[in-house]
Amino acid sequence: MSFDAHAANLTIAVIGTGTMGRGIVQVAAQGGMRVLAYDEKMGAPSMAKDYIARMLAGQVDKGRLSATDAKAAVDRISIAHSLEECAKAHVVIEAVVERLDVKQSLFHRLDMLCPPEVILASNTSSLPVTAIAATCAHPERVGGMHFFNPVPVMKLVEVIGGLKTAPWVLDALMTIGRRMTREPVLCVDSPGFIVNHAGRAYTTECPRILTEGIARHWEIDRIMTGAPGFKLGMFGLADMVGIDVGYAVMESLYQQFQYEPAFAPNPLSALRAAGGLYGQKTNAGWYAYKDGKRIEPEIAPAPKPLPQSVWVRPSADHGDLIAPLVDLCKKSGVVVEASAQPSKTALVLLGQIGYDLTTAIQDLRLDAARTVAVDVLFGLKGPRTLMVTPGIDPAMRDAAHALLASDGQPAIVINDSPGFIAQRVVAMIVNVGCGIAQRGIASPVDIDKGAKLGLGYPFGPLEWGDQLGPKRVLHILECLHAFYADPRYRPNAWLKRRAMLGLPLTAPEGRDR
Ligand code: NAI
C-alpha cells in the first residue's frame with residue numbers, strides 16, 4: 001500500500017473531542033494538517049475548536065506563537081457532522097470513551113465507511129489494539145496512537161502495532177506523530193504498551209516498602225525525590241492522579257499480565273480506594289490536605305551527640321561510593337578509625353549495595369547494636385538514608401543520625417531492607433525496563449524515551465541501569481530475591497545476560513546485531 005504520510009493535504013479526522021481528542025486536534029492542526037473534528041455529542045466539536053483557539057491565543061499572548069500561525073492552525077480545523085464525513089480523511093484517530101464494546105462498534109462502522117487505504121488509529125490507554133481491530137474486515141489498517149494528557153504539553157506518543165497491523169500503517173503513524181511535533185515511540189500490542197508497563201515498578205515497589213513498615217510514605221517520597229531525582233514521590237503522585245483511578249489501572253494491568261508477581265497491587269492502596277480516600281480531590285489520600293494544599297509532615301531534627309569514634313567498612317567493589325562517606329565523617333570532627341577492625345566502642349558504618357543489614361551483620365560478624373548502613377549508591381545528597389536492624393542500640397542509632405546530618409543535610413532512619421529504599425525501587429525500574437526489552441515490546445531507545453517523556457523519570461530504565469552498572473543492579477535484585485524468596489524480585493534474563501557479559505543494557509539481542 002502506498003500511503004504518503006508527508007502529503008501536504010493530509011487530513012486527519014478525530015472522533016471524540018473530549019480531553020484527549022481536542023488535544024489531538026490541536027497538535028494535528030499545529031502540525032500543518034487539515035483536521036475534521038467529530039463527536040457524537042452535538043456541539044462538542046465546536047466547543048473543542050473554541051477551546052483550542054483560546055489556548056493558541058494564550059500562546060500568542062505569551063509570545064510563544066505568532067498570531068498568523070495560530071490563526072492558520074485554527075482555520076485548518078473543520079467540524080464534521082457525521083461519521084460518514086470523516087471517511088474523507090486519510091487517517092481517523094479515535095478518542096472516545098475507554099470501553100471495548102464502544103470502540104469495537106465504532107471501528108466496525110469506520111471500517112465499512114472508509115476505503116481500505118484510510119488508516120484507523122485508536123488512542124486507547126489500556127485496551128488491546130488487536131481486540132479493537134477484531135471487528136474490522138481490514139484489521140491491517142488499524143493501529144494504536146496513544147497520546148498523553150495534556151496532549152499539547154506531553155511530547156510523547158506511543159505508536160502501537162496490533163497483531164494484524166501492516167508495517168506501512170506503523171511507518172505512517174510514526175511520520176504523522178513527528179509532523180504533530182511529537183516524539184513517537186514504536187511498540188507492539190502489549191498490556192500498558194511501553195509507558196504504563198515501565199511505570200509498574202515505581203507504583204508497586206514504593207507501597208510494598210510502606211507495607212513492610214520500612215519507612216513512612218512521605219519519607220519514601222522525600223528519599224525518591226532527593227538523590228535519585230524523581231520529580232514527584234509515588235505517594236504524592238498517586239494523590240494527584242487519584243488513588244481510585246491509579247488503583248484501577250494497577251489491577252487491570254496485573255490481570256492483563258496474568259498475575260505477574262512484580263506487578264501486584266498492594267492492600268494499602270486498595271483500602272484507601274475502598275474508603276474514598278482518593279487523594280487531592282477528596283482532601284485525603286496518602287497525605288492530608290487543607291484547603292486543597294498538602295500538609296507536609298516535618299522531618300524530625302537530627303539528634304545532637306556525635307559518636308566518639310566511627311569505623312567505616314572499606315569495600316573493594318564500591319570504594320568509589322564509600323569515599324564521600326569517609327570524607328563526611330572526617331569533616332564532622334569524629335575520630336575515624338583506620339584499623340582493619342572496629343574498636344569495641346566505635347559506631348560501625350556500612351556503605352552498602354543490595355544486602356539487607358541483618359544479612360551483612362551475620363556474614364561479617366559485626367555487632368548489631370552499633371552497626372548502621374548508609375545508602376551510598378546515589379551519592380550523599382540528602383535526605384540521606386540510614387538503615388538499622390531490630391538489634392540496634394538506640395544511642396548508636398541517634399549518634400549515626402547526628403553524624404550523617406552533621407553538615408546540615410537531612411537524614412532519614414529506616415528499618416532494615418535489602419537495597420534500602422532508592423536502590424530497590426530503581427533496581428526494580430531497571431528490571432521492568434529490561435523485561436520490556438526482553439519481550440521485544442520496544443527497542444531500548446524507545447523504552448528509555450517512553451519512561452523519560454511519559455513518566456518524567458530522570459533517566460530511562462536501561463540507561464539508568466548502565467549508569468549505575470548492570471552488575472550492581474543485578475546484585476541488588478539478587479539480594480532482594482534471596483532475602484524475600486519472592487518471585488517478584490527475580491532478575492530479568494535481559495539484565496542477567498548483559499551484566500554477566502559486561503555489556504550495556506542497551507545492547508541488542510545476538511540475532512539483531
Ligand atoms: P472524554 O470523556 O474527555 O472524551 C470522550 C469524548 O468522546 C466525549 O466528548 C464523548 O462525547 C465522545 N464520545 C463517546 N462515545 C462516542 C462515540 N461512539 N462516537 C463519537 N464520540 C463519542 O475522554 P478522554 O479522557 O478524552 O479519553 C478518550 C480516550 O483517550 C479513552 O480511550 C482514554 O482511555 C484515552 N486516554 C485518556 C487519557 C486521559 O488522561 N484522559 C490519556 C490517554 C488516553
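User: Is phenylalanine 420 buried or exposed in this model?
Analyst: The model is predicted. A residue counts as buried under 20% relative accessible area. Phenylalanine 420 has a relative accessibility of 0%. Therefore phenylalanine 420 is buried.

User: Where is phenylalanine 420 found?
Analyst: Start with the flanking elements. One is strand S16 (411-415), and the other is helix H17 (422-438). Phenylalanine 420 is in the loop between strand S16 and helix H17.

User: What is phi of phenylalanine 420?
Analyst: Most residues other than glycine have a negative phi. Phenylalanine 420 is not glycine, yet its phi is positive. The value is near 50°.

User: What is the relative accessible area of tyrosine 259, and what is its phi?
Analyst: Tyrosine 259 lies in the loop between helix H12 (243-256) and helix H13 (267-274). Tyrosine 259 is partly exposed, with a relative accessible area of 47%. Its phi is positive in a residue other than glycine, near 60°.

User: Which residue does a cis peptide bond join to proline 150, and what is omega?
Analyst: Proline 150 sits in the loop between strand S6 (142-147) and strand S7 (156-161). Most peptide bonds are trans. The bond here is cis, and the partner of proline 150 is asparagine 149, with omega about -5°.

User: What is omega for the peptide bond from glycine 382 to proline 383?
Analyst: Proline 383 is in the loop between strand S14 (371-374) and strand S15 (384-388). The bond from glycine 382 to proline 383 is cis. Its omega is near -10°.

Conventions
Residues numbered from 1 in each chain as written. Predicted model: local features only at pLDDT ≥ 70, side-chain atom pairs only at ≥ 80, totals over all residues. Heavy atoms only, no water. Helix = DSSP H or I, 4+ residues; strand = E, 2+ residues; numbered from the N terminus. Buried < 20%, exposed > 50% of the residue type's maximum accessible area, 1.4 Å probe, protein only.
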